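Let's sit down with a structure and learn to read it together. Ask whatever comes to mind.

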Amino acid sequence: MITLDLNHAFLKEDVKAYQDQVRAIDEALQNGTCKGNDFIGWLNWANNYDKEEFSRIKEVAAKVRENTEVFVVCGIGGSYLGARAAIEMMNGLYGDKKPEIIYMGNTFSSTYISQVMNYIKDKEVTVNVISKSGTTTETALAFRILKQFMEEKYGEDAKNRIIATTDKARGTLKALADKEGYETFVIPDDIGGRFSVITPVGLLPIAVAGIDIDALMKGLHDGMGEYGDADLEKNAAYRYAVARRILQNQGYDVELLVNYEPQMQMVAEWWKQLFGESEGKDGKGILPDSVCFSTDLHSLGQFVQEGKKVLFETNLYVETPMIDLTFPNDEANEDGMNYLAGKSVDWANKMAAKGTLQAHEETGGVPNILLTMPGMTSYDFGNMCMFFFKAIAMTTLMNDSNPFNQPGVEVYKKNMFKLLGKE
Ligand code: PA5
C-alpha cells in the first residue's frame, strides 16, 4: 500500500475542507455518472477481467519465452508506456531475464527504426503489435516494416510469431490480424490507453518479461479497497488528489515526480502521460515533470533549490530496494571514503533523500508531498496503478474536466496527415 505524508507540503487549506466535494465526485465515479463515464472500466477491472483471456496470456507468454530472444513491443503512448514502466521497474535496467524486450512503433525516427531492425536481424524474434484504434500512424508504419521482416525471415511461420493486441471487433489491425491468423488479445472498450497497462496491452509483455502477473492483479485488487473509500481520512489517493488542487490554488503549476531509483524512470514517463493527458485540458491542469535523484540533483536540482517558485515535488520513495550492497573498506583510504565502509548503499541513498528534502523544503521553500511504496515488486506495481488511477480521476474531476479523453492529441495528427498526403 502506498502511504502519503503531507507534512512537508505547505498546504494553506485543510484537505478535509474538500470532503463534501470529494464524496460527491466519488459517488458519480462509482455510479458511472461522472464526465467520461464510458471509460471507467479500470475501476472494477481487478474483479471483472476476462479470466480465460488472462490464462491465455500466461500460456502464450510461456511459449514466447521458449522460442524468442527479442520480443518487440510495437505501440505508442498508452500502448507501450505502462508495459515498459513495469518491466524496467521490476527487472531493473540490466536484468538478466530473457527474452529481451525492446520497443518500436513509438517514433518516426528513421535512425531508431533502422537500428532496431539491424539489432534484431539475426535474432529469434516475436512481435506484439498493440493499438486500440488500429490506425495510429507511428505504430502502423513500424508494423509494416516489422511484418515484412518477419515474413522474409520466417515465411509461413511468421504468423505464429506475431501477436496483435487491439479492439475486439473494429479497426484495420483487427481485420489484418484475422486475415493473417495472428493470435489476438482484446483491449476493452471502456479502458483508455493510459489506463490499459492492467489489460493485455501491458500484461502480455510483462508476462513475457518473466514477471508474475497474478501478483500484479492482486496488488491492483487490494488497491481497490485501500483507495476505495470516499472518506478522505481513509483514502491516501484522494488526499493526494486534493493536495494537488490546493497547491495549484496556491500558484504551483508544475509537479515534479521525484524518484531515487533509475529503474523507475519509465514509471515517471508513464505517470506523465497518465497525469498530463488526463488533466491537461480546458486551459487547466498541473504540468507533470520528473527527475531521478540524486542523478538530477546535479542538473535540475539547482532550479528546484533556487529557481522560480513554480513547482512542488512529489517524492515517490521506495522502502526496500530490489538489491542492496555493502560499501567496501579500503585500507589505504586514498579516496577518503572509508567513513561509508560497511554501510548499506541503499542507506546512503535514503540519507541523500532526507538531506534533499530538508534542503528543498527549509532553504528552497518548495512544497513536498511524500509517497512511499514498499518495494518494486509486481504486487507493488499493480497497487501503485490503482493509487494513481484513483488520484488522477478525482483531481481532474475536481477541475470539472473529463479525465478520460484526449481531444488535444488529434490536432497534430490532422496537420501531419495533410503534410503526409493521407486521404
Ligand atoms: O492514452 C491514449 O489513449 C493514447 O496515448 C493512446 O494510447 C496512443 O495514442 C496509442 O493509441 P492506439 O492504441 O489507438 O494506437
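Q: What should I know before I start?
A: This is a predicted model, where local features need pLDDT of at least 70 and side-chain atom pairs count only at pLDDT 80 or more, while totals for chains, interfaces and linings use all residues. Residues are numbered from 1 along each chain as its sequence is written, and side-chain values use heavy atoms, leaving out hydrogens and water.

Q: How many disulfides are there?
A: A disulfide is a covalent bond between the sulfur atoms of two cysteines. The cut-off here is a pair of cysteine sulfur atoms within 2.5 Å, and the count by this rule is zero. Take Cys292: its nearest cysteine sulfur belongs to Cys385, 19 Å away.

Q: Is Cys292 buried or exposed?
A: Buried means under 20% relative accessible area, exposed over 50%, and partly exposed in between (1.4 Å probe, protein chains only). Cys292 counts as buried because its relative accessibility is 2%.

Q: What span does helix α6 have?
A: Helices are DSSP runs of H or I with at least four residues, numbered from the N terminus. The expected span is 1.5 Å times one less than the number of residues. Helix α6 (residues 137-154) has 18 residues and reaches 25 Å from first C-alpha to last, close to the expected 26 Å. Its buried residues include Phe143, Leu146 and Phe149.

Conventions: Helices (H or I, at least four residues) and strands (E, at least two) are DSSP runs, numbered from the N terminus.
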